[in-house]
Amino acid sequence: MPMTIPLTHRRMIVFRGGQKSKVEGQRKKNKHMKFSTKAIHAGQSPDPTTGATIVPIYQTSTFTQSGIGEHRGYEYSRSGNPTRKALEENLSALENGKYGLSFASGLAAEHAILAVLKPGDHVIAMQDMYGGTYRLFEKVFAPNGIRFTYVDAHPASFSDAVRPETRLVWIESPTNPLLQIVDIGSLVDICKSKNLLLVVDNTFATPFFQNPLDLGADLVVHSTTKYLGGHSDVIGGAVITNNEEWYEKIRFLQNAAGGVSSPFDCWLTLRGIKTLAIRMKQHEENAFAVARFLSTHKQVKEVIFPGLPEHPDYDLAKRQMSGFGGMLSFKIYGGFEEANRIMKKFRIYSLAESLGGVESLANYPAVMTHGSIPAEMRQKIGVTDDLIRLSVGIEDAEDLIADLEAALA
Ligand code: P1T
């Protein structure tokens with residue numbers, strides 16, 4: 001017997017259609033706003049029921065329906081939640097994308113992208129990337145039949161690695177922890193000619209300094225735990241894209257697998273984003289001051305900061321980004337013992353994983369963030385025992401330099 005759709009369901013469909021055109025209108029409005037205005041306002045109109053200026057934390061798992069299938073656009077918070085929706089619209093506006101999806105962590109966001117692939121599919125990724133991403137690739141997806149090839153930053157290395165079954169190219173730029181800059185435009189050309197999708201992890205640059213979708217990338221991924229949240233008090237991740245087909249696939253997985261961010265975490269992230277622009281300017285200014293200080297220190301072998309003209313990718317960074325960010329790495333004379341001695345002496349820098357908060361953090365990649373990468377591969381790419389990574393915070397630069405001076409003495 002053919003199934004007839006009850007009236008209530010039809011009403012719901014009509015309602016959703018209305019929502020879609022409202023979202024389109026909002027997108028057009030966002031397009032004309034400058035960065036800070038978008039950061040503060042995009043996706044965040046006053047609350048329709050109370051007029052609350054700030055988007056409330058809709059701390060509810062479910063939404064009461066007035067009839068079967070008759071609801072106001074929300075049924076269950078894994079499928080959709082108004083606080084999460086505000087964040088997703090905000091993130092898509094910041095990256096100049098059509099669609100945004102928010103996840104419980106950066107790795108949950110990455111997982112949702114990779115879960116679209118099928119056994120036998122091949123991914124080309126950078127050798128130099130966050131250790132947890134490498135672990136996700138090698139320990140979770142490789143055993144299920146996804147194939148990975150790791151290459152250096154040269155566009156030619158990516159084109160040489162393409163196989164008939166290649167689906168994705170996956171990069172970070174700047175990379176974690178060696179702050180290499182990858183030529184996104186060249187990779188876009190390669191990907192378009194070979195019908196591949198380019199995924200850019202934009203965590204280090206943030207949408208304030210770089211918009212990969214504008215350069216032609218297909219998917220942008222973020223650990224919103226970092227600069228977007230900005231205060232080291234929330235774990236989160238996001239995917240932003242203009243590609244409707246991939247958006248629908250990832251959105252399906254967001255609901256079907258359930259790696260969503262909680263309403264409170266979304267609210268914290270929205271609150272952090274409001275000050276992203278001023279924080280990033282200060283992070284960068286302080287990183288310049290710290291990089292210049294370290295460049296003159298006799299205990300320091302090498303300073304890696306893309307804003308220094310001696311950085312090998314300085315010209316590319318200047319062309320591709322509107323600023324250099326707040327991350328830097330440096331190499332000392334000595335190995336683990338010396339690095340440990342220095343890092344134990346810090347008074348302002350916290351010896352901690354993570355980055356992008358207002359407070360300065362120091363990390364020892366070989367053991368901490370990149371410990372999951374095999375020692376041989378780490379050695380080959382330069383994540384060596386003399387490497388220290390700094391997330392330069394927005395404290396007073398003089399204090400940050402004095403702390404380094406005392407620790408290095
Ligand atoms: O920690 P999580 O929110 O799951 O994000 C993972 C992630 C993804 N991409 C990049 C570039 C990252 O740096 C990270 C997390 N990185 C650290 C914790 C770190 O200290 O480098």
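Helices (H or I, at least four residues) and strands (E, at least two) are DSSP runs, numbered from the N terminus. The structure is a predicted model, in which local features need pLDDT of at least 70 and side-chain atom pairs count only at pLDDT 80 or more, while totals for chains, interfaces and linings use all residues. Residues are numbered from 1 along each chain as its sequence is written, and side-chain values use heavy atoms, with hydrogens and water left out.

Start with the loop between strand 4 (166-172) and helix 7 (184-194), where proline 174 sits. A cis peptide bond, with omega of about -5°, links serine 173 to this proline. Proline 177 belongs to the loop between strand 4 and helix 7 as well, and the bond from asparagine 176 to proline 177 is again cis, omega being about 10°. For context, most peptide bonds are trans, and most residues other than glycine have a negative phi.

Asparagine 176 also turns up at the ligand: an N or O atom of its side chain is 2.9 Å from a ligand oxygen. Threonine 225 puts a polar side-chain atom 2.6 Å from an oxygen of the ligand, and glycine 106 uses a polar backbone atom, 2.9 Å from a ligand oxygen. On its own the ligand exposes 470 Å², and the protein buries 94% of that (accessible areas by the Shrake-Rupley method with a 1.4 Å probe; for residues, only the protein chains shown count as cover).

In total, 19 residues surround the ligand, the closest being Asp201, Thr225, Lys226, Ser354 and Arg389; a residue is near a molecule or strand if one of its heavy atoms lies within 4 Å of it. Helix 4 (residues 106-114) gives the largest share of this shell, three residues. Sorted by class, the shell holds four nonpolar, nine polar and six charged residues (Ala, Val, Leu, Ile, Met, Phe, Trp, Tyr, Cys and Pro are nonpolar, Asp, Glu, Lys and Arg charged, and the others, Gly among them, polar). Domain 1 (7-273) and domain 2 (276-408) both supply shell residues, so the ligand lies between them; these bounds come from an automatic or database domain assignment.

Turning to charged pairs, the whole structure has eight salt bridges, each a side-chain nitrogen of Lys or Arg within 4 Å of a carboxyl oxygen of Asp or Glu. One of them pairs lysine 85 with glutamate 89, at 3.2 Å between the closest N and O atoms. Both residues are in helix 3 (residues 82-94), four residues apart, or about one turn of the helix. Lysine 85 is partly exposed at 29% relative accessible area, whereas glutamate 89 is buried at 18% (buried is under 20%, exposed over 50%, partly exposed in between; 1.4 Å probe, protein chains only). Lysine 249 and glutamate 245 make another bridge, at 3.1 Å, and these two are also four residues apart, in helix 9 (residues 244-257).

Two asparagines have a positive phi. Asparagine 96, with phi near 55°, is in the loop between helix 3 and strand 1 (99-103) and is partly exposed at 31%. Asparagine 195, with phi near 60°, is in the loop between helix 7 and strand 5 (197-201) and counts as exposed at 70%.

Conventions
Polar contact = N/O pair within 3.5 Å; in protein donor to acceptor, adjacent residues only side chain to side chain.
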